[in-house]
Amino acid sequence: MSPLHGLSHMVVVREMTRSTRMSVRPITTSCRMLAREDGKRNYDAATILEDEKKGVFRVIEIGKPKDGDRKMFKRRGGQGAAPPPRSASMTPDQAWGSVWPAPRTFHPAAVPLPVRQGVVQTKAQVVPSKYANAELMKIPNFLHLTPPVISSHCQAISKFCTAWPKGLQTEEDMDEHFPITITTSDYLNSNSSVRDRRARIVQVRLKLDSLPLDSHAKDKMIRLVGDRYNEETGEMSVTSDRCPYRGQNEDYCKYLLTALLHESWRVEDWERKETEDKEVFKTGEEEEGDRREALEALLNVGEDEVAVLRYKEEVRKMLGLPEQLVVPTVVGGEVGGE
């Protein structure tokens, strides 16, 4: 065999491969399309099964149809008038949950409402309708959360819920049984990370009357807490943000409350005095039965001109001095001037 014969054989194989690649195209699995390509043979289920037994298999057609198929599709009315929108055939008792069951982008053909949204340049223009309205498609909608749908959802999950406890009918009952309130915050950002450092902050609020404290322990607790105690509401709050995680900060707040409770009950040696040390100064009743109200107001509320004058008159009365008459003087004008 000459070398030219092998070369010619390679050339023929390459040409056959090239022609095969150019001629092979995906064909459809439909019997009608197969019969149209080969009109001499009747392509039905039996014929296709017979070809498969012989090793001839069908090829799935992927891509655009041929021009002949497109012409046949046009001839049969494939590109006729568009069907009417779904909203035109809806009835008033339509189950909206089956039309819009989940969150999705606004679709004008499925919403039977004359919704309009957009900005007009002049007053003579009309606000754009719902068809081809990009503004309606950009914003989120809550069409899947209509009152009937919410009612059906509540009925579906009601079998998994328990009855509300009978002893928690009012806010006072809930404060009595659940005195601790833990406040946390979650943040959503348009960022590559879902984490936010502010989410680690935890605040624990507690009613001071709910703790087992006597007068000394309560007074000491208020002194230890300082400005974290609200006298109007009777609550004390502890906030922590030193730990990197929310659970750690919550545990730290509970540890602080436990430490404050035990420390308030402890009585040190320097706390034992003849006169009990209190946050609010109170005087005992004198022999005459009068209390030093002016002195209490001066020490508890603070000094001002009225409090000092009342304290002065109280001291003069205790010493038996006559009351001092205050003569008003008019400042300015001709009445009090020289």
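Okay, let's start in the sheet: strand β1, residues 180-183, pairs with β2 in the antiparallel sense over four bridges. Pairing here means that DSSP finds at least two bridges between two strands.

Quick housekeeping. This is a predicted model, where local features need pLDDT of at least 70 and side-chain atom pairs count only at pLDDT 80 or more, while totals for chains, interfaces and linings use all residues. Residues are numbered from 1 along each chain as its sequence is written, and side-chain values use heavy atoms, with hydrogens and water left out.

For the overall picture, the chain has 12 helices and four strands. It has 338 residues, and 17% of them count as buried. Buried means under 20% relative accessible area, exposed means over 50%, and partly exposed is in between, with a 1.4 Å probe and protein chains only. As for contacts, meaning heavy atoms within 4.5 Å, take those with a separation of 6 or more: residues 24 or more positions apart account for 47% of them.

Back to the sheet. The four strands make an open sheet, ordered β1-β2-β4-β3, with antiparallel pairing. At the edges sit β1 and β3, the latter being residues 229-230, and each of them pairs on one side only.

In β2, residues 202-207, Val 202, Val 204 and Leu 206 point to one face and are buried.

Now, helices. Helix α10, residues 246-265, lies across β1, β2 and β4, and runs at about 135 degrees to β4. For all of these angles, axes are lines fitted to C-alpha atoms, for helices over the stretch in contact, and the angle runs from 0 to 180 degrees between N-to-C directions.

α10 also meets α9, residues 215-225: their axes come within 8 Å and cross at roughly 130 degrees. That makes α9 and α10 oblique to each other. On the cut-offs, under 35 degrees counts as roughly parallel, over 145 as roughly antiparallel, 65 to 115 as roughly perpendicular, and the rest as oblique. The α9 and α10 crossing is right-handed; that label applies if the near helix is turned clockwise from the far one by less than a right angle, and left-handed if anticlockwise. Residues making the contact include His 216, Met 221 and Leu 224 from α9, and Leu 260, Leu 261 and Ser 264 from α10.

Let's zoom in on that last one. How buried is Ser 264? Its relative accessible area is 0%, so Ser 264 counts as buried. The Ser 264 side chain reaches the backbone oxygen of Leu 261 at 2.7 Å; a polar contact is a pair of N or O atoms within 3.5 Å, where within protein one must be able to donate a hydrogen and the other to accept it, and residues adjacent in sequence count only if both atoms are side-chain atoms. Leaving aside neighbours within four places in sequence, Ser 264 is in contact with residues including Leu 213, His 216 and Lys 220.

Another helix pair: α11, residues 293-300. Its buried residues are Ala 294, Leu 295, Glu 296 and Leu 298, and they pack against α12, residues 305-318. The two helices pack at about 150 degrees, with axes 8 Å apart, which means α11 is roughly antiparallel to α12. This crossing is left-handed. Just after α11, Gly 302 takes a positive phi of about 130 degrees.

Last stop, a loop residue. Asn 133 sits between α5, 96-99, and α6, 134-138, and counts as buried because its relative accessibility is 5%. The Asn 133 side chain reaches the backbone oxygen of Gln 117 at 2.8 Å and the backbone nitrogen of Glu 135 at 3.0 Å. Beyond neighbours within four places in sequence, Asn 133 is in contact with Gln 117 and Pro 128.
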